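Me: Could you walk me through this structure? I will ask as we go.

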Amino acid sequence: ARPVVAIVGRPNVGKSTIFNRLIGDRLAIVEDKPGITRDRIYGSAEWNGKAFSVIDTGGIEIDGDDMILKSIRMQAELAIEEADVIVFMCDAKAGVTQSDEEVAQILFRSGKPVILSVNKVDNLKRVDDIYEFYSLGFGDPVGISGSHGTGIGDLLDVVVENL
Ligand code: GDP
Ligand code: MG
């Protein structure tokens, strides 16, 4: 089976935007099982001749602070189970948030390769905003912009190296 890359992160960081850029028009089966798997979206992608599946884990977003936190945890845990490589996505505009730290703790325990990606680096002024993300403990953050498509090749290079 092809390896699986999961995009994990709190709501609104741009997971779905990046997912759509990665898969282009190759949206595969949307799982239609009852319960929690229903909302997750699977697609396929290819980079440097390597094919892989991509999961957008952001399908489950329930209102209320407590539920949001629970759903973030649940998605991170599901992604850990299924993924060979995890893309941990954060938001340069927002900076490091408490929810990011929650996700980081879960991903730390996974033992899977985690690639830290900081989205919304839309212009040169924001390039400096990625440095605070070193504090999450996953090494070099890869700055990207889902709006402009910049940095996504660099991100995919690192993803594919870890497959
Ligand atoms: P998700 O909840 O993590 O799946 O995030 P979405 O992909 O739905 O994006 C959340 C919001 O961020 C949307 O309004 C997007 O248009 C916006 N967004 C996504 N990528 C970027 C980016 O690179 N720069 C900026 N400025 N906004 C972005
Ligand atoms: Mg989403």
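This is a predicted model: local features need pLDDT of at least 70, side-chain atom pairs count only at pLDDT 80 or more; totals for chains, interfaces and linings use all residues.

Me: OK, how many helices and strands are in the protein?
Reply: The protein has 4 helices and 7 strands, where helices (H or I, at least four residues) and strands (E, at least two) are DSSP runs numbered from the N terminus. Along the sequence they follow the pattern β-α-β-β-β-α-β-α-β-β-α.

Me: Is strand 6 enclosed or open?
Reply: Strand 6 (residues 114-119) is largely enclosed by the rest of the structure, because 6 of its 6 residues are buried; buried means that 20 or more other C-beta atoms lie within 10 Å of the residue's own, exposed means 12 or fewer, and partly exposed is in between, with C-beta atoms placed from the backbone.

Me: And which way do those residues point?
Reply: Val114, Leu116 and Val118 point one way, while Ile115, Ser117 and Asn119 point the other way. In a regular strand the side chains alternate between the two faces of the sheet.

Me: What does strand 6 pair with?
Reply: Strand 6 pairs in the parallel sense with strand 5 (residues 85-91) over 6 bridges, and also in the parallel sense with strand 7 (residues 142-143) over 2 bridges; pairing requires at least two bridges found by DSSP between the strands. Asn119 is the bridge partner of Asp91, and Gly143 is that of Val118.

Me: Switching topic, which residues of helix 4 are buried?
Reply: In helix 4 (residues 152-161) they are Leu155, Leu156 and Val159. They lie on the same side of helix 4, because they cover an arc of only 95° around the axis, the arc being that of the directions from the helix axis to the C-beta atoms. The face turned away from that buried side carries the exposed residues Gly153 and Glu161.

Me: Last one, which residues come nearest to ligand 1?
Reply: Of the 15 residues around ligand 1 (C-beta atom, placed from the backbone, within 6 Å of it), Gly14, Lys15, Ser16, Thr17 and Gly146 come nearest. Helix 1 (residues 15-23) gives the most to this shell, with 3 residues.

Terms used:
Residues are numbered from 1 along each chain as its sequence is written. Chains are lettered from A and ligands numbered from 1 in the order in which they are written.
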